[in-house]
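Dear colleague,

Please find below the structure that I am handing over to you. A summary of the findings follows it.

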Amino acid sequence: MTTETTGVMDTAGLRHELYTYSGEEQFLAGVRSFIDDALAAGEIVLISVPEDRERMLREELPGTDPGVVFMDTEALGRNPARLIPAWQRWIGERTAEGRPVRGIGETDWHGRGGAEIEELRYHEWLLNLAFTGSPAWWLLCPYDTATIDPETMRAISRCHPYTLTDDGSRPSSDYVREPFSWAELEPACDPYEEFPYARGDLAAVREKVIACAAPHGLTGDRLRETLVAVTEVAGNSIAHGGGHGTLRTWVQQGSLICEFRDAGVMSDPMIGRMAPSPRSLRGRGMWLVHQICDLVQVRSAPETGTIIRLHVTLPGVLP
């Protein structure tokens, strides 16, 4: 297998490529060919893969090649919204060195629920938007078809303009350039608490969240962080969503969920997913929310307004 590249710097922006495999042997065959071709072309390869895949690659690759860099992803946690800014940072640091860059990015799907899977699919769609006009680089996305259901795999393939097969790298016939199509949000888990809020109610919003969180062991620093995120989202409703909103809280599958509804519209699909400029005073709120919460779901349209769900994993719950 070969990626048959003529150079990653041929065009600006991201070359976003899917590699589907089944089993360790096929994983190594495709990824190793991608790495070998990159090194032969004098390119740096940044690798962000689950721990077991990283261990496998380290054993497979001979010696320590300075052109192969394994990225530390542990601090990113499980929120897919943190992946794009991480890649922007990594790519920015390496392209500043003047060398072409490739990346290999595989997400750990172990224990992912439906909400997380939907956000991972959105992440793949957003990658094509996030790196428009960026320095040219090539990202290979390996997916194990033995662990992902066929319907989800078909949806993911529609987000990748290129695909790597045994015959090499080529444009994907599955790719569709179209607006992202969301699945319906799961219904709120009954029983849930509901609280309408407006100007002057932020303290009451925090008290409602504490009342739901504390009995489930969410206390101390993690609770205080959660209240920062809650205050930011509720404050945005009051400032930009018509002056009021509705909070719902419930616990579901080991997570505290805080849902905010208002009449505003968020038109920027990248909101909260781009690191704010040090000189900018705007754009920090949703960025902070994504850094705090284990998952953030945003649904916004003129006809329905905005729904934001914050997911915070409760103490003692394993991923």
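Helix α1 lies across β1, β2 (44-48), β3, β4 (101-105), β5 and β6 (162-165), and runs at about 150° to β1. Contact here means heavy atoms within 4.5 Å, and angles run from 0 to 180 degrees between N-to-C directions, with axes being lines fitted to C-alpha atoms, for helices over the stretch in contact. Helices (H or I, at least four residues) and strands (E, at least two) are DSSP runs, numbered from the N terminus. This is a predicted model, in which local features need pLDDT of at least 70 and side-chain atom pairs count only at pLDDT 80 or more, while totals for chains, interfaces and linings use all residues. Residues are numbered from 1 along each chain as its sequence is written, and side-chain values use heavy atoms, with hydrogens and water left out.

Helix α5 (residues 150-157) also packs on this sheet, where it touches β1 and β5, and its direction makes about 155° with that of β1.

The sheet is open and is formed by seven strands in the order β3-β2-β4-β5-β1-β6-β7, with mixed pairing; two strands pair if DSSP finds at least two bridges between them. At the edges stand β3 (68-70) and β7 (168-171), each with a single partner strand, so one side of each has no neighbour in the sheet. On average, neighbouring strands of this sheet are turned by 25° against each other, direction ignored.

Strand β1 (residues 14-21) runs parallel to strand β5 (residues 137-144), and eight bridges join them; Glu17 has Leu140 of β5 as its bridge partner. β1 also runs parallel to β6, joined by two bridges, and here Leu18 has Thr163 of β6 as its bridge partner. β6 in turn pairs with β7 in the antiparallel sense over four bridges, Thr165 having Gly168 of β7 as its bridge partner. β6 and β7 form a hairpin with two residues between them.

**The packing of α1 and α2**

Helix α1 (residues 24-40) packs with helix α2 (residues 51-60) at an angle of about 65°, their axes being 11 Å apart. Glu24, Phe27, Leu28, Val31 and Arg32 of α1 make the contact with Arg53, Met56, Leu57 and Glu60 of α2. Five residues of this contact are nonpolar, none is polar and four are charged (Ala, Val, Leu, Ile, Met, Phe, Trp, Tyr, Cys and Pro count as nonpolar, Asp, Glu, Lys and Arg as charged, and the others, Gly among them, as polar).

**The five-stranded sheet**

Five strands form an open, antiparallel sheet in the order β8-β9-β10-β12-β11. Here β8 (193-198) and β11 (295-301) stand at the edges with a single partner strand each, so one side of each is left without a neighbour in the sheet. Neighbouring strands of this sheet are turned by 15° against each other on average, direction ignored. Strand β10 (residues 255-262) pairs with strand β12 (residues 305-313) in the antiparallel sense over eight bridges, and Leu256 stands opposite Val312 of β12. Helix α8 (residues 285-292) packs on the sheet and touches β11 and β12, its direction making about 140° with that of β11.

**Charges over rings**

Arg15 lies over the face of Tyr162, at 3.8 Å from the ring centre, and Arg102 lies over the face of Trp138, at 4.2 Å from the ring centre. A charge sits over a ring if NZ of Lys or CZ of Arg is within 6 Å of the ring centre and within 35 degrees of the ring normal.

Yours sincerely
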